[in-house]
Amino acid sequence: MNLQRFIEAKQDELAALRRCMPEALDEKAFFAAGKRPDFLQALNAPPPSDEPLRVIAEFKRSSPSEGVINDRLAPDDAAQQYAAGGATCMSVLTERRFFGGAPSDLFAAAPAGLPLLRKDFIFDELQVRESFATPASALLLIVALTPDAERLRGLRELAESQGINAVVEIFSEAELETARESGARIIQVNARNLESFRTDRLAGLQLASHRLPAECWIAASAMSAPEHLLDAAQAGYRAALIGTALMRAAHPQTQLRHLLHPHTPPQTTAQP
């Protein structure tokens, strides 16, 4: 199972966190370089009148489904380009084995000023506490990794206790019910099945018909064209998470502008 290998890949990291807890991750180690930007508030603000929705631009060097995407773009450069291109927030892959990331990438991206989403396979309290010592404004919790609603609630509440929003990711209507049982306010619908890696953007759009007014929904995966953003906005999504389409572009800033403003020309893709 793909999900099980992700869980197994985190065991060495968890063991290292257990060895350094609680001293290295106590309150003295919490991020102290300034107030975290409010991730949810940024997404809930109405988008500019000429843009369909808010965009979370993602930094990832590689992925299990794509292989190496772009190992030359640095997180600080990406963050500056995303901010200049119109991104509202930035997602940073901190998973090491499959995505080539690290928590240090969050610190590199922070000076651009975008609220940062720590995207990783987070299912243990220690990983949430580790996030306290980073500039992340939000972290990702995946229902498929933490299918127990009470366990999911505990992780969410722990994150929120330090001003970090929890983005709860689902793939199906059944997972949506679990997310709601956990009290999730930010729902991310991943069009990519984490077991098969297949994407179904239409299913994600249809799932948005279950959105409640108080919930902030994010469309993730298979977002690579201006019409995809328009479709997501019309379905009721507040934001779209865009990763590969930007990371493969020669100039992510220009590519992001094209996605938000189709009258601007698209960029050619970067060479792998």
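Student: How many bridges join S1 to strand S10 (residues 239-242)?
Tutor: Strands are DSSP runs of E, at least two residues long; helices are runs of H or I, at least four; each kind is numbered from the N terminus. Two strands pair if DSSP finds at least two bridges between them. S1 and S10 run parallel, and the bridges joining them number four.

Student: What kind of model is this?
Tutor: Residues are numbered from 1 along each chain as its sequence is written, and side-chain values use heavy atoms, leaving out hydrogens and water. Local features need pLDDT of at least 70, side-chain atom pairs count only at pLDDT 80 or more, and totals for chains, interfaces and linings use all residues: the model is predicted.

Student: Which residue in S10 is the bridge partner of Arg54?
Tutor: Strands of a sheet pair through backbone hydrogen bonds, either parallel or antiparallel. S1 and S10 pair in parallel. Arg54 has as its partner in S10 the residue Ala239.

Student: In what order do the eight strands close into a barrel?
Tutor: The pairing is parallel. Eight strands close the barrel, in the order S1-S4-S5-S6-S7-S8-S9-S10. From one strand to the next, the twist averages 25°. The barrel order, again, is S1-S4-S5-S6-S7-S8-S9-S10.

Student: Is Lys60 buried or exposed?
Tutor: Lys60 sits in the loop between strand S1 (54-59) and strand S2 (62-63). Buried means under 20% relative accessible area, exposed over 50%, and partly exposed in between (1.4 Å probe, protein chains only). Relative accessibility is 12% for Lys60, so Lys60 is buried.

Student: Which residue meets the side chain of Lys60 in a salt bridge?
Tutor: A salt bridge puts a side-chain nitrogen of Lys or Arg within 4 Å of a carboxyl oxygen of Asp or Glu. The N to O distance here is 3.7 Å. Both partners are buried. The partner of Lys60 is Glu58.

Student: Why are Glu157 and Arg153 separated by about one helical turn?
Tutor: Their side chains form a salt bridge, 3.7 Å from N to O. Glu157 is partly exposed at 41%, and Arg153 is partly exposed at 25%. The separation is about one turn because, in helix H7 (residues 149-160), they are four residues apart.

Student: What is the relative accessible area of Arg156?
Tutor: The side chain of Arg156 also meets Glu157 in a salt bridge (3.7 Å, N to O). Arg156 is buried, with a relative accessible area of 7%.

Methods
Axes are lines fitted to C-alpha atoms, for helices over the stretch in contact, and angles run from 0 to 180 degrees between N-to-C directions.
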